[in-house]
Amino acid sequence: MGTALAGMGVTPAFGKLLGWLLICEPPAQTSAQLAEALGLSKGSISTGMRLLERTGFVRRVPAPGRGHAYELMPNAMISGTDAAATYAAMRHVTERGLALLAAQGFAEDHDRARRLRINRDFFLFIEEEVPKLIDRFKQENDL
């Protein structure tokens, strides 16, 4: 998981933490348990877990004694995946590019604008279709 996500621009610690929380036992892990299992520094654990919390992949749960542990959300990959927003942002960027080219006199069918138009149309397609797929998955799996 760490290697796969690192290839997507995510820090290796983020991927390692996510991967471990998908398979670890017990499912709730303290920072010390995570550091021992993964060989990561306290700083890497802290930074990675803050990001995992912000993205909705994990939550803090009480740990025996004082402190807290981290636990993967049951539907982490579903709720933490906001593909529509990501693709909407990319669609807006490409639309802005098309508007800038149009202001310079380039029509959408011009070769310079064609690349942007194709990508804008792709982002729009994904923006519209991915939420439908996620909803269907949730329905089929009673989530």
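Helices (H or I, at least four residues) and strands (E, at least two) are taken here as DSSP runs, numbered from the N terminus. The structure is a predicted model, in which local features need pLDDT of at least 70, side-chain atom pairs count only at pLDDT 80 or more, and totals for chains, interfaces and linings use all residues. Residues are numbered from 1 along each chain as its sequence is written, and side-chain values use heavy atoms, with hydrogens and water left out.

Together with Met1, Ile23 and Met77, Leu22 makes a nonpolar surface patch of about 390 Å². Such patches are made of residues with over 30% relative accessible area and no salt bridge, like charges being joined within 9 Å and nonpolar side chains (Val, Leu, Ile, Met, Phe, Trp, Tyr) within 5 Å. The areas come from the Shrake-Rupley method with a 1.4 Å probe, and for residues only the protein chains shown count as cover.

Leaving aside neighbours within four places in sequence, leucine 52 is in contact (heavy atoms within 4.5 Å) with Phe14, Leu17, Leu18, Phe57 and Val58.

Helix α7 comes next. Its 30 residues (111-140) should span 44 Å at 1.5 Å a residue, and the end C-alpha atoms are 43 Å apart, which agrees; the expected span is 1.5 Å times one less than the number of residues. Buried in α7 are Ala113, Arg120, Phe123, Ile126, Glu127 and Val130. After α7 comes aspartate 142, with a positive phi near 50 degrees.

A search of the whole structure finds 8 salt bridges, each a side-chain nitrogen of Lys or Arg within 4 Å of a carboxyl oxygen of Asp or Glu. In one of them, glutamate 127 pairs with arginine 91, with the closest N and O atoms 2.5 Å apart. Glutamate 127 lies in helix α7 and arginine 91 in helix α6 (residues 83-103), so the pair ties together parts that are 36 residues apart in sequence. Both residues, glutamate 127 and arginine 91, are buried.

Arginine 120 forms a salt bridge with glutamate 108, the closest N and O atoms being 3.2 Å apart. This pair links helix α7 to the loop between α6 and α7, across 12 residues. Arginine 120, at 14% relative accessibility, counts as buried, whereas glutamate 108, at 38%, counts as partly exposed.

Within α7 itself, glutamate 140 and arginine 136 lie 4 residues apart, about one turn of the helix, and form a salt bridge whose closest N and O atoms are 3.0 Å apart. Salt bridges that share partners also join Arg91, Glu95 and Glu127 into one network.

Finally, threonine 94 is in helix α6 and, at 7% relative accessibility, counts as buried. Not counting residues up to four places away in sequence, threonine 94 touches Leu116, Asn119, Arg120 and Phe123.

How values were computed
Buried means under 20% relative accessible area, exposed over 50%, partly exposed in between (1.4 Å probe, protein chains only).
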